[in-house]
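Colleague: I would like a close look at one part of this protein. Please walk me through the salt bridges.

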Amino acid sequence: MFRYVLTAALALSATPVFANDSIAELGTGGLILSRSDAVAMESEDLYISPEKVTVDYVFRNNTDKDVDAIVAFPMPDIEGDPNEMPAIPDGQSNNFLGFEVTIDGVPAEPQLEQKAFALGIDISADLKAQNVPFYPFGDAARAALAKLPQTVTDDWIDRGLIIEDTTDDGSGMKTAYVPFWQLRSTYWWRSTFPANSAVQVAHRYKPSVGGTSSVSFFYDGQFQGQYAAYKTRYCMDGTFENAIRKAAKGNPDGTPRYFENRIAYILTTGGNWATGSIGKFKLTVDKGHPKNLVSFCGENVRKVGPTRFEMTAENFYPEHDIDILLLAPSGDGGSGG
């Protein structure tokens, strides 16, 4: 794996410094095609930034017969734990990533399949019977739980569906029942790939951007903490590490004034098209502003603009997921305010 690190910046106006120090990113990927040896992925153009992820595909049916297939977009699983709130772009919607898709330029209306699980057991029927929304972090779910009969509440607590959560809402400590189930969501649709023809499919969504209010792998003037794991995951090299050291030098506590942002893109799922490889693959990472630091792994990556970096490959087989580490200055406006 070629190591690629650049001093860069990222406009992160939608990503705050988190009071609880760290918030997890949700790994999200691209489309999955029902198994077909007839339909090949001719090309994939993947663009990743903290504001949006766009993916443009060209699928080609190389046979003399039309092929009907199911195309799916798995949303990341969400754990309804009030103590482990992940980074969710839209906290009140089933479409919490704002997923959109077009086929040959025409907007499609995919179906949403959702199931809820507690302790690995499907509890979807239980929630439906009590008119409780599946999405665990929305206000609607909490409101519905507050109206449950006490016998149902007691049963759901015993079965691990919900837990008590005590917080201070500004008027004193209050206790409420909150979801503790796991939500699995998938958008899917049926698509026809005409014989000897190409079909263009494009989708976009807002990524889950994890964050930490400081640099978790460098403090007290040295690399430590999660350094070894980060070095492997994000391919941090000497150039990146020297930038961290330089940023920490002027501070008495030996800590660089950055906060972390992380994006995870799952590239290794799918592969159900003919050959399992991508004819032409292009990855673009857009960092947005020149003051930040960014580190990610890739091969033959080149700078193609003030904020964009590009990797291209032919007959590409996705063996690794894409993990991007972004460090934004935490005091000079470089984070976009």
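Which residue forms a salt bridge with Arg257, and how far apart are the closest N and O atoms?

Modeller: The partner of Arg257 is Asp253, and the closest N and O atoms are 3.4 Å apart. A salt bridge here is a side-chain nitrogen of Lys or Arg within 4 Å of a carboxyl oxygen of Asp or Glu. Before more detail, some ground rules. This is a predicted model, where local features need pLDDT of at least 70, side-chain atom pairs count only at pLDDT 80 or more, and totals for chains, interfaces and linings use all residues. Residues are numbered from 1 along each chain as its sequence is written, and side-chain values use heavy atoms, with hydrogens and water left out.

Back to the pair. Arg257 has a relative accessible area of 41%, so this residue is partly exposed. Asp253 is partly exposed too, at 38%. The scale runs like this: buried is under 20% relative accessible area, exposed is over 50%, and partly exposed is in between (1.4 Å probe, protein chains only).

Now widen the view. The rule gives 12 salt bridges. One of them joins Lys282 and Asp45, at 3.6 Å from N to O. Lys282 sits in strand S21 (residues 278-286) and Asp45 in strand S5 (residues 39-48), so this pair ties together parts that are 237 residues apart in sequence. Helices (H or I, at least four residues) and strands (E, at least two) are DSSP runs, numbered from the N terminus. Lys282 is partly exposed, at 28% relative accessibility. Asp45 is also partly exposed, at 27%.

Next comes Asp323. Asp323 pairs with Arg233, and the closest N and O atoms are 3.0 Å apart. Here a strand meets a helix: Asp323 is in S25 (residues 322-329), while Arg233 is in H4 (residues 227-234). The pair therefore ties together parts 90 residues apart in sequence. Asp323 counts as buried because its relative accessibility is 16%. Arg233, at 36%, counts as partly exposed.

Salt bridges can also link up. Asp126, Asp155 and Arg159 form a network of them.

The protein has five helices and 25 strands. Of its 337 residues, 48% count as buried. Take contacts (heavy atoms within 4.5 Å). Among those between residues at least 6 apart in sequence, 78% join residues at least 24 apart.
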